[in-house]
Amino acid sequence: MHGEYKVPGGKLVVVDVETEDGGVLGHVRVAGDFFLEPDEALDAMNRALEGAPADTDAAGLAARIEAALPAGTVMYGLTAEGVGIAVRRALARATDWTDYDWQLIHEAPQPPALHMALDEVLTAEVAAGRRPPTLRVWEWGAPSVIIGSFQSLRNEVDPEGAARHGIEVVRRISGGGAMFVEPGNTITYSLSVPESLVQGLSFQDSYAYLDDWVLGALGDMGIRAWYQPLNDIATDQGKIAGAAQKRIVGPGGGPGAVLHHVTMSYDIDADKMTEVLRIGREKLSDKGTGSAKKRVDPLRRQTGLPREAVIERMIASFRARYGLVRGGITDGELARAQELARTKFASAEWTARVP
């Protein structure tokens with residue numbers, strides 16, 4: 001069995017392993033493009049994993065490795081936890097980004113409720129095997145506040161402020177916090193991927209794994225960005241993006257798909273945002289800042305590039321890494337999404353399901 005894992009901000013770890021009688025690991029071989037000193041540390045890793053019960057989680061495997069490493073071992077681009085995750089992915093027979101023919105959807109602006117519906121419909125299509133893994137870049141047809149699946153509407157949104165600024169409020173199917181969106185100021189994308197791509201990863205690790213490509217794209221634009229648990233992308237100047245996920249079960253309860261979507265601030269009207277969102281002191285303090293305006297540092301200032309150029313560079317970075325062909329939403333997918341937008345995502349019942 002073969003498993004690979006790109007350590008966030010680090011290097012690729014590759015593990016080949018077998019399971020032997022008694023349900024233990026055997027013939028373990030760790031490799032990758034990381035740096036490790038001394039050389040003997042690699043053999044120590046392999047020996048530490050030999051004989052480990054095959055159901056040991058990544059943290060348990062990491063503990064075995066750390067206990068076996070020679071004194072003074074130094075790892076560059078590598079962590080014991082990363083090796084453990086690569087082992088778990090091998091045992092789970094996880095797939096890799098390059099195992100798929102990725103499709104790009106980047107179409108004309110659409111209403112907020114339709115965007116919510118398209119995420120659900122397209123990810124269900126991936127789960128059913130009728131659609132390849134898809135990167136969808138959104139264009140917003142109207143300003144909006146998108147609240148998380150479990151957020152209280154009245155706690156998150158000031159209805160008077162929203163009405164005054166013509167802001168539509170919609171609720172998405174994923175968890176997480178509220179996002180303030182204006183068409184020219186926001187970059188949003190979705191990944192709809194087979195569940196096998198994140199097999200062997202914890203929920204938290206899957207965020208870092210699915211965000212890694214965009215960190216590389218930002219780096220190519222001169223922005224040193226990193227994943228900040230659980231679901232933020234940050235820089236030295238502040239947060240620039242927030243992610244959320246939803247798992248969708250496959251037909252008959254079989255293997256499903258993962259929706260991972262990210263909203264990035266290209267620019268922001270912070271005064272308007274604070275009039276529309278109820279951003280409390282507690283939420284601000286846990287981010288280490290005393291002002292909503294300081295929580296987000298837009299890409300426009302950090303890159304100096306037009307919004308369209310930032311999007312083009314992100315798409316080009318994804319294509320260079322994994323391959324990407326332009327596709328589109330099928331007539332059937334659009335019809336189902338339009339019906340779902342009308343009956344669910346544009347309905348007061350869904351939007352206020354947590355009052």
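**View 1. The largest nonpolar core of this predicted model holds 72 residues.** Inside this core, the residues with the most contacts are Trp97, Trp102, Tyr189, Leu191, Trp213, Met264 and Met314. Helix H7 (residues 203-220) supplies the largest share, 9 residues. A second, separate core has 25 residues, including Leu118, Leu259, Leu340 and Trp350.

**View 2. Here are the neighbours of Met314.** Leaving aside residues up to four places away in sequence, Met314 touches Ile187, Tyr189, Trp213, Val214, Ala217, Met221 and Met264.

**View 3. Phe318 pairs edge-to-face with Trp97.** The ring centres of Trp97 and Phe318 are 6.0 Å apart and the planes meet at 75 degrees. Trp97 belongs to the loop between helix H3 (80-91) and strand S6 (103-106), while Phe318 sits in helix H12 (residues 307-322), so this pair links parts of the chain 221 residues apart. Both Trp97 and Phe318 are buried.

**View 4. Trp102 also forms an edge-to-face pair with Phe318.** For Trp102 and Phe318, the centres are 5.3 Å apart and the planes are at 80 degrees. Because Trp102 lies in the loop between H3 and S6 and Phe318 in helix H12, the pair ties together parts 216 residues apart in sequence. How accessible is Trp102? Trp102 has 1% relative accessibility and counts as buried; Phe318, at 0%, is buried too.

**View 5. Ring pairs join into a cluster.** The linked residues are Tyr5, Trp97, Tyr100, Trp102, Tyr189, Tyr209, Trp213, Phe318 and Tyr322.

**View 6. Two charged ends sit over rings.** The charged end of Arg89 is 4.8 Å from the centre of the Tyr209 ring, and that of Lys344 is 4.5 Å from the centre of the Trp350 ring.

Conventions. Residues numbered from 1 in each chain as written. Predicted model: local features only at pLDDT ≥ 70, side-chain atom pairs only at ≥ 80, totals over all residues. Heavy atoms only, no water. Core = buried A, V, L, I, M, F, W, Y, C linked by side-chain atoms within 4.5 Å. Buried < 20%, exposed > 50% of the residue type's maximum accessible area, 1.4 Å probe, protein only. Helix = DSSP H or I, 4+ residues; strand = E, 2+ residues; numbered from the N terminus. Contact = heavy atoms within 4.5 Å. Phe/Tyr/Trp six-rings, centres within 6.5 Å; stacked < 30°, edge-to-face > 60°. Lys NZ or Arg CZ within 6 Å of the ring centre and 35° of its normal.
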